[in-house]
Amino acid sequence: MAKKRTLKEINSKIEKGIVRIFTVQELIDKLEKGEKINFEDVDVITTATKALMSGIAGIFSFRLSPPKKVRKFVEVSINGIQGFPGPCPNEFLGIIDLILYGTAKSETREDYSGGMLFRDLVEGKEVNVKAKSVEGIQIEKTLTLKDFQFARLMGTRQAIRNYFAMVNPTEKDVETIFSVLALKGNFSQLTFSGCGAMNPFQNDPNAEILGIGTKILVNGQIGYIMGPGTRNDRLKPNLQTISDMNGMDPEFMGSFKTSYGPESICSIAVPIPILNEGIWNNIVKSDHEVPLTVLNVVGRFKVGEITYGDVWHKNFVVKFYPDKCVDCDDCPVDGKCPTRAFDLKKGIDRSRCFNCGTCYYVCPEDAFDIDLKSVKVKLKGMTNEKTIPVVLRQSDRNGAIKLAERLKKMILQGEFKLKEAMDPLEFYPKVF
Ligand code: SF4
Ligand code: SF4
């Protein structure tokens with residue numbers, strides 16, 4: 001008979017302090033050491049992803065003028081980033097509701113985008129708000145997150161079940177959202193996205209646990225799954241989520257500058273209670289189980305397949321050795337770091353570093369260290385395997401592990417109660 005346990009039983013174990021929780025990474029590490037772990041040994045697995053998530057937006061509401069001063073705001077910006085007033089027209093009360101996109105660029109600040117603004121707000125920094133009313137009245141204010149009566153982060157397409165690796169088969173360099181520097185041609189470089197075994201959907205492929213109302217962590221703060229994300233098909237399942245910006249940890253968010261423009265960084269952690277053997281069997285036990293499709297970056301069609309085990313294995317953290325830095329005249333790393341984590345004088349700001357590998361790739365000396373790996377790919381139409389060096393990771397496995405560990409700790413300390421979803425997630429037919 002299939003083995004089962006109920007959520008009530010798991011929550012009772014949490015209260016008694018006898019629950020057995022592992023992050024996916026801990027489980028993998030134990031299995032690699034030869035430990036035997038079965039359904040009986042695990043009550044909860046914590047999964048997470050820290051990645052570029054284009055589909056995030058801030059939803060804000062705050063007082064901007066005395067009541068009855070303006071009828072309607074028609075323009076609004078924060079730190080030079082255009083927002084969209086509404087949908088609720090509260091301005092006659094002196095309050096503005098607005099939506100602002102994570103990928104939107106500032107018109108007044110160089111290399112500044114919505115993702116950075118969200119992080120600045122969470123860090124408690126002052127922001128500059130400008131608005132213009134339908135009557136032509138202009139209002140400018142300096143505010144902090146404390147002045148916002150409502151500040152939520154909404155994701156329309158998040159925690160996609162892993163993603164793809166990209167190569168460029170053409171002769172020319174290609175500027176793309178899948179690279180920091182233009183992606184060089186002739187299959188000479190590979191970039192990839194996805195936290196592999198850690199990814200929430202990868203561990204719950206049939207959405208038996210992930211559902212409408214499931215409690216999750218978004219950037220370290222408690223949030224909820226609102227429903228399926230855009231284009232939530234079986235191939236690329238993803239989530240729509242909501243969470244309060246108050247209480248988020250800036251370390252898990254921000255912006256990442258690709259060669260095509262800014263992308264937002266967001267991190268999601270999801271607990272998976274092991275309610276039956278089927279759920280346990282779907283938990284990823286090795287990155288080699290998780291396929292990573294290699295696409296032609298031009299046209300995005302499949303040219304090969306590897307696994308996440310080829311790109312992720314104990315190679316999560318990029319290190320900087322200042323004593324090996326020779327202080328080049330015009331440091332090529334300075335200014336190329338996509339998260340602004342590197343400063344020649346201060347080194348790597350670990351709270352901003354995405355462990356992407358760009359610094360290692362760009363620095364001509366050995367001042368940075370990371371095993372970015374080279375992968376062997378059997379490319380479509382070629383007889384022999386080709387070895388291609390990885391030059392960029394667009395997901396931060398180390399950040400995902402940290403968030404999964406944080407979720408585990410919160411569950412153990414009784415700060416995060418496990419609850420069942422209200423309704424299942426709907427999968428849509430694939431549209432393209
Ligand atoms: S390129 Fe490398 S060695 Fe040269 S200044 Fe920059 S970090 Fe130092
Ligand atoms: S790995 Fe290097 S380039 Fe990438 S975010 Fe960290 S410091 Fe910046």
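Q: In which sense do strand β10 and strand β18 pair?
A: β10 (residues 164-167) and β18 (residues 291-296) pair in the parallel sense over four bridges; strands are DSSP runs of E with at least two residues, numbered from the N terminus, and two of them pair if DSSP finds at least two bridges between them. This is a predicted model, where local features need pLDDT of at least 70 and side-chain atom pairs count only at pLDDT 80 or more, while totals for chains, interfaces and linings use all residues. Residues are numbered from 1 along each chain as its sequence is written, with chains lettered from A and ligands numbered from 1 in the order in which they are written.

Q: And what is the bridge partner of valine 167 in β18?
A: In β18, valine 167 has asparagine 296 as its bridge partner.

Q: Which strands form the open sheet, and in what order?
A: Six strands form it, with mixed pairing, in the order β19-β18-β10-β11-β25-β24. Because β19 (302-307) and β24 (374-377) stand at the edges with a single partner strand each, one side of each has no neighbour in the sheet.

Q: Switching topic, which residues surround ligand 1?
A: Among them are Cys325, Cys328, Cys331 and Cys363, along with Asp327 and Glu365, where a residue is near a molecule if its C-beta atom, placed from the backbone, lies within 6 Å of it. By class, this shell has 10 nonpolar, no polar and two charged residues.

Q: How many residues surround ligand 2, and which are the closest?
A: There are 14, and the closest are Cys337, Cys353, Cys356, Thr358 and Cys359. This shell divides into 10 nonpolar, four polar and no charged residues; Ala, Val, Leu, Ile, Met, Phe, Trp, Tyr, Cys and Pro count as nonpolar, Asp, Glu, Lys and Arg as charged, and the others, Gly among them, as polar.
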